[in-house]
Amino acid sequence: MHEYSIVQELVEKLLAECAVKKVTAVGEIQIRRGSTFADESLQQAFQIMTENTPLENAQLNIDDFDIENKCRSCGYTQVLTPDDLIGNLYVCPECGEATEIDERNGLQFIKMTF
Ligand SMILES: [Zn+2]
């Protein structure tokens, strides 16, 4: 699943910060999830990757936001969901133009509290 690599990047970043601050247990993590990102995949990936780490029992607070795409060819605009993407490609339902969506924008880290 393509979400995994993005979540992994985030988890590695958070663990590095824990190491620097010598934190052994994180209380709360706040992130924002774009509409291209499947909530279930995100939760699942996070749970698996944080096992036996200081992040293990952290509460994950997720805010949603819409990722909108405007087709550069015909101007058709829609809010993207995971179902609209094939890998990281979006194909316009109106004209068939394929656009690459940078899913890294789909996950934003806000803050971590200890
Ligand atoms: Zn189009």
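Predicted model: local features only at pLDDT ≥ 70, side-chain atom pairs only at ≥ 80, totals over all residues.
What covers the buried residues of H2?

**Entry 1: overall layout.** I counted two helices and eight strands in the chain. Read along the sequence, their pattern is α-β-α-β-β-β-β-β-β-β. I noted a C-alpha trace that spans about 50 × 20 × 20 Å along its principal axes. Of the 114 residues, 20% count as buried. I also looked at contacts with a separation of 6 or more: 72% of these join residues 24 or more positions apart.

**Entry 2: the three-stranded sheet.** I found an open sheet with the strand order E2-E1-E8 and mixed pairing. Its edge strands are E2 (59–65) and E8 (107–113), each of which pairs on one side only. Neighbouring strands here are turned by 20 degrees against each other on average, direction ignored. I then followed E1 (residues 28–34), which pairs with E2 in the parallel sense over seven bridges. Across this pairing, arginine 32 stands opposite aspartate 63 in E2. For my own reference, strands of a sheet pair through backbone hydrogen bonds, either parallel or antiparallel.

**Entry 3: helix H1.** I checked where H1 (residues 2–21) sits. It lies across E1 and E8, and its angle to E8 is about 25 degrees.

**Entry 4: helix H2.** Which residues of H2 are buried? I listed Leu42, Ala45 and Phe46. Viewed down the axis of H2, these buried residues fall within an arc of 100 degrees, so they line one face of the helix. On the face turned away from the buried side I found the exposed residues Glu40 and Ile48. As to my opening question, the cover over the buried residues of H2 includes H1, E1 and E2.

**Entry 5: alanine 45.** Why does alanine 45 count as buried? Because it has 20 C-beta neighbours inside 10 Å, and the cut-off for a buried residue is 20 or more. Leaving out residues up to four places away in sequence, I found that alanine 45 touches Glu3, Tyr4 and Val7. I also took a distance from alanine 45 to leucine 89, which is 44 residues apart from it along the chain. Their C-alpha atoms are separated by 21 Å.

Conventions: Residues numbered from 1 in each chain as written. Helix = DSSP H or I, 4+ residues; strand = E, 2+ residues; numbered from the N terminus. Buried ≥ 20, exposed ≤ 12 C-beta atoms within 10 Å, placed from the backbone. Contact = placed C-beta atoms within 7 Å. Pairing = 2+ DSSP bridges. Axes fitted to C-alpha atoms, helices over the stretch in contact; angles between N-to-C directions. Arc of directions from axis to C-beta.
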